[in-house]
Amino acid sequence: MAKPAKIKAVAANKAPAPYLGQHLRGVDHGRVILPVEWRAQGSPADFMVIVWPLVTPEYLLVLPPARWEVLQKNLESLSLTDEQAAAVERLIGSSTSMRSLDTYGRLPLPEEEANRLGIEGEATLIGRMNKFEVWGPARYAATTANPSAQGIADALKSIKI
């Protein structure tokens, strides 16, 4: 019973809604509509969209402002003379675009990158609590078809659930 009360408290404070669930959406003129629960009052309308993972792209990682700030702070702590850090910054900078929701709650996708990743007629949106992913449905199905039970168990242990 404590969970519903906590969710109500978050809503009362107008905190951004968490990005939860898996949603299949149509892509219309390079835009995908976000689930209504992801667009609750107090939720951001501006996002940073990154082709991810950086080295072997599979999907678009979408960061709201708060999560983008965390990434920037982590990068700012790196030395200006560190060439590996500079390479990472270049890769992130050149793989990222800023996007804003339109009045209907549609997120414009970076067209060329989306097409390359198979995000054309449809997109699968995957909530990751404080961020979300946009996948081509076929690529997502292929990637998640055989998850490693041991890998998932190890990951859960590492975050101390």
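1. The protein chain holds 6 helices and 8 strands, where helices (H or I, at least four residues) and strands (E, at least two) are DSSP runs numbered from the N terminus. Read from the N terminus, the order is α-β-β-β-β-α-α-β-β-α-β-β-α-α.

2. A word on the basis: this is a predicted model, in which local features need pLDDT of at least 70, side-chain atom pairs count only at pLDDT 80 or more, and totals for chains, interfaces and linings use all residues. Residues are numbered from 1 along each chain as its sequence is written, and side-chain values use heavy atoms, leaving out hydrogens and water.

3. Of the 161 residues, 32% count as buried (under 20% relative accessible area, with a 1.4 Å probe and protein chains only).

4. Now to the rings: the whole structure has 7 aromatic pairs. Rings of Phe, Tyr and Trp (its six-membered ring) pair if their centres lie within 6.5 Å; planes under 30 degrees apart are stacked, over 60 edge-to-face, and the rest tilted.

5. One of the pairs is tyrosine 19 with phenylalanine 47, edge-to-face at 6.5 Å centre to centre and 65 degrees between the planes. This pair joins the loop between helix 1 (2–12) and strand 1 (22–28) to strand 3 (residues 46–52), 28 residues apart. Tyrosine 19 and phenylalanine 47 are both buried.

6. Tryptophan 38 and phenylalanine 132 have ring centres 4.9 Å apart and planes at 45 degrees, so this pair is tilted. Tryptophan 38 lies in the loop between strand 2 (31–33) and strand 3, and phenylalanine 132 in strand 8 (residues 132–135), 94 residues apart. Both residues are buried.

7. Please look at these four together: Tyr19, Trp38, Phe47 and Phe132 make up one aromatic cluster.

Notes: Buried < 20%, exposed > 50% of the residue type's maximum accessible area, 1.4 Å probe, protein only.
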